[in-house]
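Subject: Structure for your review

Dear colleague,

Please find the structure below, together with its sequence.

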Amino acid sequence: MAKELPTTAKTVIIGGGIVGCSTAYHLAKLGWTDTVLLERKKLTSGTTFHAAGLVGQLRSNANITQLLGYSVDLYNRLEEETGLGTGWKMNGGLRLACNEARWEEVKRQTTTAQSFGLEMQLLSPSEARDLWPLMTVEDVIGAAFLPTDGQANPSDITQALAKGARMAGAWIFEDTAVTDIRIEDGKIKGIQTESGFIECEIVICCAGQWTREFARRFGVTVPLVSLQHQYIITEPINGIPRNLPTLRDPDRLTYYKEEVGGLIMGGYESNPVSWAVEGIPADFHYSLLPSNFEHFEPMMELALGRVPALKTAGIKELVNGPESFTPDGNFILGEAPELKNFFVGAGFNAFGIASGGGAGMVLAEWVAKGEPPYDLWAADIRRFGRPHFDTDWVRTRTIEAYGKHYTMAWPHEEHKSGRPNRTSPLYERLKAAGACFGEKLGWERPNWFADLPAGETPEDIYSFSRPNWFKAVACEHRAAREAAVLIDQTSFAKFSLKGPDAEAALSWIAANDVAKPAGSLIYTQMLNDRGGIECDLTAARIAEDEYYIVTGTGFATHDFNWISRNIPKNMKAELTDITPSWSVLSLMGPNARKILEKVTKDDISNAAFPFGTFKSIEIAGGTVRALRITYVGELGWELHLPVENAAAVYDALMTGGKEFGLVNAGYRAIETCRLEKGYRAWGADIGPDHTPFEAGLGWAVKLKSSRDFKGRAAIEAQKEKGVKNMLACFTVDDPDIMLFGRETIYRNGERVGWLSSGGYGHTIAKSIGYGYVRNIAGVDAEYVLTGDYELDVALSRVPCKVHLKPLVDPMMKKIKT
């Protein structure tokens with residue numbers, strides 16, 4: 001007898017694909033048996049039923065790789081637990097390389113795999129063919145094999161998860177469409193279905209390509225669009241073993257897996273076809289689109305060159321199934337910043353089966369415990385911002401991201417589509433000066449400047465060795481160290497926290513002491529309850545009841561959400577995003593004071609304007625908030641000013657600074673300078689999984705104060721017990737070795753971590769990397785500094801030196817080589 005729809009539940013999951021069923025399974029396992037999953041038609045009937053079913057694990061992010069690895073662990077045991085077949089086979093995965101650049105990429109991916117604890121093997125062409133005998137290998141240079149990859153039957157594994165969820169106490173209802181969410185005073189009160197109302201506190205939307213339009217009705221932005229994705233299914237082919245590994249042939253843009261004695265073959269073309277631009281048809285379920293043979297023909301031609309047997313194989317079907325894709329190729333998880341207790345799990349970019357097990361686990365823990373089990377910034381819904389409100393922009397960028405699925409993943413590669421979107425008032429001036437722009441959250445930002453009179457073109461040419469901008473950035477770096485540079489950082493996210501309780505609220509959220517007089521400038525982290533670093537930013541005390549907060553461009557949505565939701569309910573303090581109103585010009589270098597003295601009459605001497613303070617000064621007829629702070633390690637000021645004054649102030653500085661060697665500089669010079677000085681980067685070197693004491697930032701935590709703050713208890717406990725991870729700096733003497741991050745760290749021959757970031761220091765003329773040295777028994781400075789270290793760079797062990805102090809400290813006039 002069918003269960004009646006309950007009238008109350010703690011959590012309602014919308015969507016019965018693999019992610020929704022996995023979330024229900026994991027919530028029930030956590031004891032949340034008052035969980036209800038609602039599917040508008042039948043389980044798997046949206047996208048899951050036509051997924052190809054490849055399960056790969058390796059990604060460029062350690063925690064996403066961990067999430068995918070959890071999927072594999074779950075799939076290994078799910079059939080035995082539930083009694084339902086899943087079609088899961090751990091038959092391994094092959095990846096081919098057919099040119100030297102791709103082979104370098106594969107070797108670096110193999111290093112990444114070992115950094116993250118996966119044992120990926122490099123194979124010769126003949127060894128690869130032994131594992132995959134149907135392919136020709138005349139053009140293959142080498143291959144990588146990951147034995148723990150595999151494949152699954154998408155519908156079967158979803159049904160097994162659904163059974164497991166029911167066994168653990170969750171309720172699942174098919175043919176029950178959700179028509180509305182009742183929201184009162186910004187709080188979810190329940191959901192309306194075609195069969196009745198369910199009172200609930202939490203909604204988890206796992207509705208696949210339906211998620212964007214559904215969430216938009218409630219003010220939530222989920223930037224995904226539907227694209228057509230095709231693959232063929234062949235008749236049985238003689239000689240195909242049932243344990244044939246999955247195969248990815250990125251230089252031919254194609255993938256393969258065994259299917260009932262035949263093959264599935266699909267790919268990622270550079271010109272995908274959009275679908276449902278005007279909306280998904282109302283009754284679209286268990287539905288495919290008409291096969292587009294003409295569009296698929298180039299993929300087929302590429303595949304025939306690799307698998308000649310396809311020339312004579314019978315074709316059962318050309319499957320054309322629309323799937324949801326995102327602008328950056330990563331899926332979307334987490335609590336929507338616009339609506340409390342509305343969670344999203346969507347946009348899986350055709351690897352939902354690989355992600356499903358882990359994504360469901362993460363969402364369940366996020367809901368049940370208030371935070372994910374580990375840092376998932378790469379998939380966090382708060383990584384998006386203003387450009388992602390526009391569906392046309394999202395579609396344009398997503399088409400580009402889809403087309404890059406199998407192209408080379410170059411270091412520092414920028415997207416080209418949907419640009420320019422958001423620009424500084426100085427955009428045209430900087431463009432005329434030779435700026436090569438990058439893009440962050442829609443903002444055009446100068447990365448480096450070409451020497452136009454010398455015929456240099458402001459265009460990136462990507463490489464795993466020294467890129468074409470190496471010399472240009474070296475010149476900007478040298479100017480920052482020896483003269484001065486001016487950097488347009490208008491894209492900084494800027495907030496105003498104002499109200500009678502502004503100090504009390506910020507004192508609770510910030511780890512450093514912000515209870516300082518007006519004119520103070522405070523660098524601080526904001527911590528979660530585990531002591532992990534959720535935000536890394538600067539706060540200027542404007543007045544007794546106001547702070548001006550500055551954080552990184554890409555963290556605008558995340559940091560605004562973190563601050564606003566952690567303001568205690570009984571406090572009167574309002575956070576406002578004022579980013580569009582303010583431009584920022586960073587004047588950095590030993591000549592910065594001399595230049596500033598040329599353009600302002602205000603006293604900017606060290607005595608009148610010390611480090612870590614700010615004051616309002618006059619430049620070019622306008623008022624400027626000058627913040628004496630630096631991210632390059634040199635004397636300098638961030639000059640914050642109304643956008644309408646940006647051009648006049650820029651012109652005045654460039655004119656006044658000419659005699660002092662002032663030049664334009666970009667973000668790549670900032671990066672090379674900050675690596676030398678040892679400044680940390682959130683999202684790379686620090687994040688929710690790292691504490692200030694692990695990152696060498698304990699000096700910025702107000703433990704000497706009696707004032708309580710979020711995360712204090714965890715930090716105090718860690719200070720007492722010591723740390724098991726410590727961020728260290730590594731340098732390589734060979735100037736031709738390029739570090740990009742994820743290289744494996746070896747101490748005395750044992751793997752102890754990987755680089756979180758990497759680059760080149762032009763002052764010391766060496767590559768620099770940062771990474772955590774890990775030891776379960778504990779880590780201290782002596783442990784770190786007494787080891788003999790090597791870095792694995794593309795599977796070559798390279799000797800390196802370890803450092804815990806800045807390599808270049810201009811304030812101390814020291815350079816450490």
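Which residues is Leu333 in contact with, leaving aside its neighbours within four places in sequence? They are Leu67, Val344, Gly345, Phe348, Ala359, Val362, Leu363, Trp366, Leu376, Ala379, Asp380 and Ile381, where contact means heavy atoms within 4.5 Å.

Some conventions come before the rest. This is a predicted model, in which local features need pLDDT of at least 70 and side-chain atom pairs count only at pLDDT 80 or more, while totals for chains, interfaces and linings use all residues. Residues are numbered from 1 along each chain as its sequence is written, and side-chain values use heavy atoms, with hydrogens and water left out.

Nonpolar cores

Leu333 is also among the residues with the most contacts inside the largest nonpolar core, together with Leu67, Ile204, Phe331 and Val362. That core has 51 residues. A nonpolar core is here a set of buried Ala, Val, Leu, Ile, Met, Phe, Trp, Tyr and Cys residues joined through side-chain atoms within 4.5 Å; buried means under 20% relative accessible area, exposed over 50%, and partly exposed in between (1.4 Å probe, protein chains only). Two or more residues each come from helix H1 (18-29), helix H2 (62-82), helix H5 (154-167), strand E12 (202-205) and H8. Of these, H8 gives the most, with nine residues. Another core, of 41 residues, lies apart from it and includes Ala143, Tyr255, Tyr256 and Val319. Helices (H or I, at least four residues) and strands (E, at least two) are DSSP runs, numbered from the N terminus.

Surroundings of Leu96

Leu96 belongs to strand E4 (residues 93-97) and is buried, with a relative accessible area of 0%. Not counting residues up to four places away in sequence, Leu96 touches a set that includes Arg102, Val106, Met135, Val140, Ala143, Leu247 and Arg306. The C-alpha atoms of Leu96 and Val106 are 8.1 Å apart, and the two residues are separated by 10 residues along the chain.

Backbone features

- Arg419 and Pro420 are joined by a cis peptide bond, with omega about -5 degrees. Pro420 lies in the loop between helix H9 (391-403) and helix H10 (427-432).
- Tyr286, which is not a glycine, has a positive phi near 45 degrees. Tyr286 is located in the loop between strand E16 (262-267) and helix H7 (293-306) and is partly exposed, at 42% relative accessible area.
- Ala350 likewise has a positive phi, about 70 degrees, without being a glycine. The loop that holds Ala350 runs between strand E19 (342-346) and helix H8 (352-369), and Ala350 is partly exposed, at 27% relative accessible area.

Overall form

The secondary structure comes to 18 helices and 40 strands. The radius of gyration (over C-alpha atoms) is 27 Å, close to the 28 Å that the globule rule gives for 817 residues, so the protein is as compact as a globular protein of that length; the rule is 2.2 Å times the number of residues to the power 0.38. Along its principal axes the C-alpha trace spans about 80 × 65 × 55 Å. Of the 817 residues, 61% are buried. Among contacts with a separation of 6 or more, 72% are between residues 24 or more positions apart.

Yours sincerely
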